[in-house]
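Please keep the sequence and the 3D view at hand as you read.

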Amino acid sequence: MVNQPHILLVGKEDYLPSLAELLMQDGAKTSLWHAADTQLPTGHLPDKQMESATPASSSLEKIDAVVFFDRIREQRSAFDSDAIIEQTLSTVTQLLTTVRNTVTKMLETKTPGQIIAVCDTSAIAGRRDQVASATVGGALIGMCKSLAKELGRYHISVNVICLGPLSEINDKLNLTPTETMMLKASGLGKPAELTHLAKNIQHLAQSEHWLNGQVLHINDGLVM
Amino acid sequence: MFTFLHTRKQQGKLAGRRVLLTGASGNIGQAIARRLIHEGATIALHYHSNVEPINQLCKLAARQQVFPLQGSLHTGQQARQVFTQAQKKLGGVDVLINCIGTSRDNSVLLLNDEDAEITLQSNLAPVVYLSEYMLEQGTDIEHGRIINITSITGLVGQPMRSLYGAAKGAVIAFTKSIARDVAELGWTANCIAPQVVEGGLADQMKSQIQTMLANVTPIKRPCTPDDITGMTSYLCTQESGYITGTVLNISGGLITW
């Protein structure tokens, strides 16, 4: 078991610094990597490394887990073909770059590693008003399952988290009245808190879970 | 005699159905085309550059049953041109069958952005663009069908095929989403995910891997293009109208979940 995993968080989501704080409270060492064309999040993050444009992995002594985020639902357009294709391509190439860099690092340090991709819950069952999110998420899932089969021989596991609404970012699904009623009756589908996501990432980063090529739904039973 | 041939109506369970079949010159595309011709559909046979199989298919069909349609599908403009031509030839597109794609297979450590772009442009972009144009027909089309031929790679992955897995996974998720959109028109949208099919992309795989795959498949033989045509034909029919948003895997029992 990796007690203090080194976790690299990759993405543009505003809540990543808060997530990094939570992971560090549980004993992880975290670093953030943002693409060159995004702004760095505001707020000071003591004892953390922030890199932009260049892979953060080059400054880490090792990487036990890399968590790749692509779930900016509110920026997705409903059905804009060009946007769907462009966003999917962008996500796939970013994940490709991330995996290449971190796998190289893991192999250099001979570290059993974890690759975790976080996408939107719409990826697994589709969602009418989230065609782009779903398509991007589907690409991540398809890619990660192939990666799991390729990288298993190097003791690198690859899993996906399909994330439902997050309460911290006032994340809401556009539910129909019937869906609202059904969820209210069942008590399911409540938004997650960041601590829920952090706990799952911590669990996956510590390599004791024996999960590989799996899709974990953190959405309080919204999709089963 | 000439008049009889000219005015003879198609017979078969797909008589009257107007189909745009992309990638008709590929192995799977040809098999689907043969089946749909036999079932009486009227078909626009799209191809990119390999015209010879299209010429052979035209010989199988009655007059005015099939129409060759050459064009690229990588950009919106190109795809729209192809779709518009299909609409003109057929008088409308009832069924869109996407049977296109290519693969850049390699270790993830050796793949690059260009590989990603080519793989997504050839597998995902045509599906997305053509679906959009299909939807623009709206209520002019009854019992519309969108059928995307994907791959089990999009469902369960395959080593050294991460980009192909990404592209087919994207197609699957896209199809599930638009199934919800098209439902209010009375249409359906589904995926068919075959195992690695004899010929075509399978020829790029090492023979020992193909043999291994056949051996772990309960039905111990490779998947053939003809294994896919029955389900494709059925999904074109009106009676398949309650099947939507699904991924039908044709894998000989390799994937049972």
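**From the core to the contact**

The largest nonpolar core holds 131 residues, and the ones with the most contacts inside it are A:V67, A:L140, B:L21, B:I43 and B:L45. Such a core is a set of buried Ala, Val, Leu, Ile, Met, Phe, Trp, Tyr and Cys residues joined through C-beta atoms within 7 Å. Here a residue is buried if 20 or more other C-beta atoms lie within 10 Å of its own, exposed if 12 or fewer, and partly exposed in between, with C-beta atoms placed from the backbone. In soluble globular proteins, nonpolar side chains tend to be buried together.

A word on conventions before going on. Residues are numbered from 1 along each chain as its sequence is written, while chains are lettered from A and ligands numbered from 1 in the order in which they are written. The model is predicted, and local features need pLDDT of at least 70, side-chain atom pairs count only at pLDDT 80 or more, and totals for chains, interfaces and linings use all residues.

Let's begin with chain A. It has six helices and seven strands, where helices (H or I, at least four residues) and strands (E, at least two) are DSSP runs numbered from the N terminus. Along the sequence, the pattern reads β-α-β-β-β-α-β-α-α-β-α-α-β. Of the 224 residues of chain A, 48% count as buried. Two residues are in contact if their C-beta atoms, placed from the backbone, lie within 7 Å. Among the contacts in chain A between residues at least 6 apart in sequence, 74% join residues at least 24 apart.

A:V67 shows what such contacts look like: leaving aside neighbours within four places in sequence, A:V67 touches A:I7, A:L9, A:V10, A:I116, A:V118 and A:I201. Now turn to strand β5(A), residues 113–120. Eight of the eight residues of β5(A) are buried, so this strand is largely enclosed by the rest of the structure. Strands pair if DSSP finds at least two bridges between them. Strand β4(A), residues 65–69, pairs with β5(A) in the parallel sense over five bridges, and A:A65 has A:Q114 as its bridge partner there. Strand β6(A), residues 156–163, also runs parallel to β5(A), joined by eight bridges. In that pairing A:Q114 stands opposite A:S157.

Of its ten residues, the number buried is zero, so α5(A) lies largely in the open. Just after α5(A), A:G187 takes a positive phi of about 75°. Elsewhere, A:D129 sits in the loop between α3 (122–125) and α4 (131–151) of chain A. A:D129 counts as partly exposed because it has 17 C-beta neighbours inside 10 Å. The C-alpha atoms of A:D129 and A:N174 are separated by 7.8 Å, although these residues are 45 apart along the chain.

Chain B has ten helices and seven strands. Of its 257 residues, 49% count as buried. Its C-alpha atoms fill a box of roughly 60 × 35 × 35 Å along the principal axes. Among contacts in chain B between residues at least 6 apart in sequence, 71% join residues at least 24 apart.

Next comes the sheet of chain B. Seven strands form an open sheet in the order β3-β2-β1-β4-β5-β6-β7, with parallel pairing. At the edges stand β3 (66–70) and β7 (247–250) of chain B, each with a single partner strand, so one side of each is left without a neighbour in the sheet. Within the sheet, β5(B), residues 145–149, and β6(B), residues 188–194, run parallel and are joined by five bridges. B:R145 has B:T188 in β6(B) as its bridge partner.

Finally, where do the two chains meet? The contact takes 38 residues from chain B and 37 residues from chain A. On the side of chain B that touches chain A, α5 (113–123), α6 (125–136), α7 (152–156) and α8 (162–182) of chain B each supply at least two residues. The largest share of that side, 15 residues, comes from α8(B).
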